[in-house]
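Reader: I'm new to reading protein models. Could you walk me through a few features, one at a time?

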Amino acid sequence: MKAAAGKDCFFYDLTSVSSYSELNEYVKWGHNRDGEKLPQVNLGMLYGQASGLPVYYRRLPGSIGDVSALKKTIKSLDFIGQNKLTFVMDRGFYSETNLDALFEAKMGFVLGLPHRVWTDAIYGQCRDEIFSPWNRRETRENETLYVLTRLHSWGGRRCYVHVYYNNFAAAAEADAFDLKLVRWREELASGNEDPGNVKHYKKYFTVKDLPKRGRKVVENEEAVEAARNKYSGFFSIMTTKKMDAVEALEAYRRKESVECCFDDLKNSLDMNRLRIHSSQAMDSRLFIQFLSLILLSQLRKIKKQCGPA
């Protein structure tokens with residue numbers, strides 16, 4: 001951590017490791033990222049973008065979610081004196097509490113933002129300006145985006161919100177929304193209504209039960225069109241440092257490397273299951289697995305640098 005801090009930014013993510021143990025207090029039921037119906041231990045990890053190496057891990061109870069895990073990680077890093085790092089994280093780690101904690105700890109970050117009232121308000125402000133030809137950019141993936149960067153204040157703290165519009169994503173989101181409309185309409189017409197969709201029924205449809213003709217479902221075209229066109233294709237990233245919008249996006253997308261690291265841990269290093277019954281034994285195994293992961297990551301990096309045989 002000392003060697004990498006200040007020179008690198010770090011991808012942060014969580015994974016789940018399933019276990020059958022009933023004696024390990026860290027094994028809890030929670031959101032299993034492998035989709036297994038087993039209790040688990042969660043493992044948080046920092047992976048250096050420039051170094052290409054894992055530099056930190058922390059075991060966490062299986063019941064803990066992404067938002068709470070980040071707060072514990074920040075506290076842990078502060079304890080070991082590594083509190084000037086830059087995190088790269090997906091939108092699952094977004095919460096107002098986490099943003100406050102990151103700013104309070106003076107941690108840098110590149111964070112994907114989910115749709116919220118305040119982000120949608122920014123999209124609305126950017127809609128007319130973002131489609132200028134001067135804001136049309138190409139990424140390394142040969143993808144064309146419209147981009148715009150806005151200075152933003154979060155509780156009086158300065159940061160930047162990078163706004164992106166993707167034509168392909170807009171079409172995909174519109175198709176997904178249309179599919180939902182078809183399903184909601186079928187549910188209403190058949191009378192097999194899902195209680196979880198009541199708000200959608202009320203917003204997008206008018207239902208009339210006629211004595212002779214039965215149930216008639218009419219779509220609210222204005223509400224549907226407004227929802228389809230509102231912010232489809234828009235997404236955003238928040239950064240603490242001023243960055244080019246495409247540079248911020250490429251840094252964010254490279255976070256998949258930590259997921260590859262988890263794949264190595266579970267498959268190449270045989271940690272798909274803990275096979276350990278006590279927390280003490282688990283801690284010992286995790287430490288050895290982490291050292292092995294560093295070596296494996298370094299070997300992969302050297303092989304990549306050398307090119308094909």
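This is a predicted model: local features need pLDDT of at least 70, side-chain atom pairs count only at pLDDT 80 or more; totals for chains, interfaces and linings use all residues.

Reader: Okay, pockets then. Which elements each supply at least two residues of the lining of the second largest pocket?

Author: Those are β2 (40-48), α8 (256-268) and α9 (279-306). The pocket itself holds about 470 Å³ of space. It has 18 lining residues, and Tyr-47, Gly-52, Ser-257, Lys-301 and Lys-304 are the closest to its centre.

Reader: How does the lining of the second largest pocket divide into nonpolar, polar and charged residues?

Author: You'd count five nonpolar, seven polar and six charged.

Reader: And what volume does the largest pocket have?

Author: About 560 Å³. The largest pocket is lined by 18 residues, with Phe-177, Lys-203, Tyr-204, Ala-227 and Arg-228 nearest its centre. Two or more lining residues come from each of α4 (167-190), α5 (198-204) and α6 (221-229). The largest share, six residues, belongs to α4. By class, this lining has eight nonpolar, three polar and seven charged residues.

Reader: Let's go back to α8 and α9. How do I read two helices that pack?

Author: Two packed helices are described by the angle between their axes and the distance between the axes. In this model, α8 and α9 pack at about 115 degrees, and their axes are 10 Å apart.

Reader: Is the crossing of α8 and α9 left-handed or right-handed?

Author: Right-handed.

Reader: Which residues meet there?

Author: From α8 you have Cys-261, Asp-264, Leu-265 and Ser-268, and they meet Gln-289, Leu-293, Leu-296, Ser-297 and Arg-300 of α9. Sort the residues of this contact by class and you get four nonpolar, three polar and two charged.

Reader: Last topic: aromatic rings. What do I look at?

Author: A pair of aromatic rings is described by the distance of the centres and the angle of the planes. A search of the whole structure turns up 15 aromatic pairs.

Reader: Why is the pair of Phe-131 and Phe-234 edge-to-face?

Author: Check the planes: they sit at 75 degrees, with the ring centres 6.4 Å apart, so the pair counts as edge-to-face; the cut-off for that label is over 60 degrees.

Reader: Where in the chain do these two sit?

Author: In distant parts, 103 residues apart. Phe-131 is in the loop between α3 (117-130) and β6 (136-138), while Phe-234 is in strand β11 (residues 234-239).

Key
Residues are numbered from 1 along each chain as its sequence is written. Side-chain values use heavy atoms; hydrogens and water are left out. On a 1 Å grid over the protein atoms alone, a cavity is a set of points where a 1.4 Å probe fits but cannot get out, and a pocket is an open set with protein on both sides within 12 Å along at least five of seven lines; lining residues have an atom within 4 Å of a point. Grid points are joined across faces, edges and corners, and a volume is the space filled by probe spheres set on the points. Helices (H or I, at least four residues) and strands (E, at least two) are DSSP runs, numbered from the N terminus. Ala, Val, Leu, Ile, Met, Phe, Trp, Tyr, Cys and Pro count as nonpolar, Asp, Glu, Lys and Arg as charged, and the others, Gly among them, as polar. Axes are lines fitted to C-alpha atoms, for helices over the stretch in contact, and angles run from 0 to 180 degrees between N-to-C directions. A crossing is left-handed if the near helix is turned anticlockwise from the far one by less than a right angle, and right-handed if clockwise. Contact means heavy atoms within 4.5 Å. Rings of Phe, Tyr and Trp (its six-membered ring) pair if their centres lie within 6.5 Å; planes under 30 degrees apart count as stacked, over 60 as edge-to-face and the rest as tilted.
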